[in-house]
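Below is what I looked up, entry by entry.

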Amino acid sequence: MQLVELFLPTNRGDGEPIPPARLEAIVGELADRFGGATAFLRAPATGLWKPEPGKVTEDRIVIIQIMVEDIDEPWWRACRERLEREFQQEEVLIRATECRLL
């Protein structure tokens with residue numbers, strides 16, 4: 001079993017807010033494809049990173065989680081590339097972690 005997590009910004013690269021309805025639609029698309037999805041949309045997290053020494057950049061993000069049996073890497077790569085274009089991001093983080101149900 002794999003836990004796939006998408007870390008999506010709440011603003012596009014140009015600073016324009018992403019409509020909550022669009023984020024909810026992405027959750028719905030993933031739930032339709034994988035049989036379920038959990039989204040943390042109401043209390044965005046803050047992400048920080050250092051693109052270069054002495055500079056800190058901040059993003060507000062939401063997290064979407066999906067449980068899958070197997071990872072279809074070409075599908076997830078295409079999904080990530082589509083989201084990067086749509087949200088005007090250099091990189092959208094999608095990660096998978098092996099897990100077991102208890």
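**Entry 1**

I started with Arg22, which is found in helix α1. Before going further, I noted that this is a predicted model, where local features need pLDDT of at least 70, side-chain atom pairs count only at pLDDT 80 or more, and totals for chains, interfaces and linings use all residues. I also noted that residues are numbered from 1 along each chain as its sequence is written, and that side-chain values use heavy atoms, with hydrogens and water left out. Helices (H or I, at least four residues) and strands (E, at least two) are DSSP runs, numbered from the N terminus.

Is Arg22 buried or exposed? I found it buried, because its relative accessibility is 19%.

Next I listed what Arg22 touches, with contact meaning heavy atoms within 4.5 Å. Not counting residues up to four places away in sequence, the list is Glu29, Arg82, Glu86 and Phe87.

**Entry 2: Salt bridges**

I then looked up salt bridges, each a side-chain nitrogen of Lys or Arg within 4 Å of a carboxyl oxygen of Asp or Glu. The count by this rule is six.

I have Glu86 down as partly exposed, with a relative accessible area of 25%.

In helix α2 I also checked Glu84 and Arg80, which are four residues apart and so separated by about one helical turn. Their salt bridge has its closest N and O atoms 3.1 Å apart. Glu84 is buried at 12% relative accessibility, while Arg80 is partly exposed with a relative accessible area of 25%. Back at Arg22, salt bridges that share partners join Arg22, Glu29 and Glu86 into one network.

**Entry 3: The nonpolar core**

A reminder to myself: in soluble globular proteins, nonpolar side chains tend to be buried together. A nonpolar core here is a set of buried Ala, Val, Leu, Ile, Met, Phe, Trp, Tyr and Cys residues joined through side-chain atoms within 4.5 Å.

Which residues of the largest nonpolar core touch the most other members? Of its 19 residues, they are Leu6, Leu8, Ile64, Trp76 and Leu83. At least two residues of this core come from each of β1 (2-9), α1 (20-34), β3 (55-68) and α2 (73-87).

I took a second look at Trp76, which is buried with a relative accessible area of 7%. Leaving aside neighbours within four places in sequence, Trp76 is in contact with Val4, Leu6, Leu30, Phe34, Ile66, Ile71 and Ile94.

**Entry 4: Aromatic rings**

How many aromatic pairs are there in the whole structure? My search finds three. Rings of Phe, Tyr and Trp (its six-membered ring) pair if their centres lie within 6.5 Å; planes under 30 degrees apart count as stacked, over 60 as edge-to-face and the rest as tilted.

The rings of Phe34 and Trp76 are stacked, because their centres are 5.3 Å apart and their planes at 10°. This pair links distant parts of the chain, with Phe34 in helix α1 and Trp76 in helix α2, 42 residues apart. Trp75 and Trp76 are edge-to-face, because their ring centres are 4.8 Å apart and their planes at 90°. Phe34 is partly exposed at a relative accessible area of 25%, and Trp75 is partly exposed at 24% relative accessibility. Ring pairs link Phe34, Trp75 and Trp76 into a cluster.

**Entry 5: Thr10**

My last stop was Thr10, in the loop between β1 and α1. Thr10 is buried, with a relative accessible area of 16%. Not counting residues up to four places away in sequence, Thr10 touches Pro17, Ile18, Pro44, Arg60, Ile61 and Val62.

Technical notes
Buried means under 20% relative accessible area, exposed over 50%, partly exposed in between (1.4 Å probe, protein chains only).
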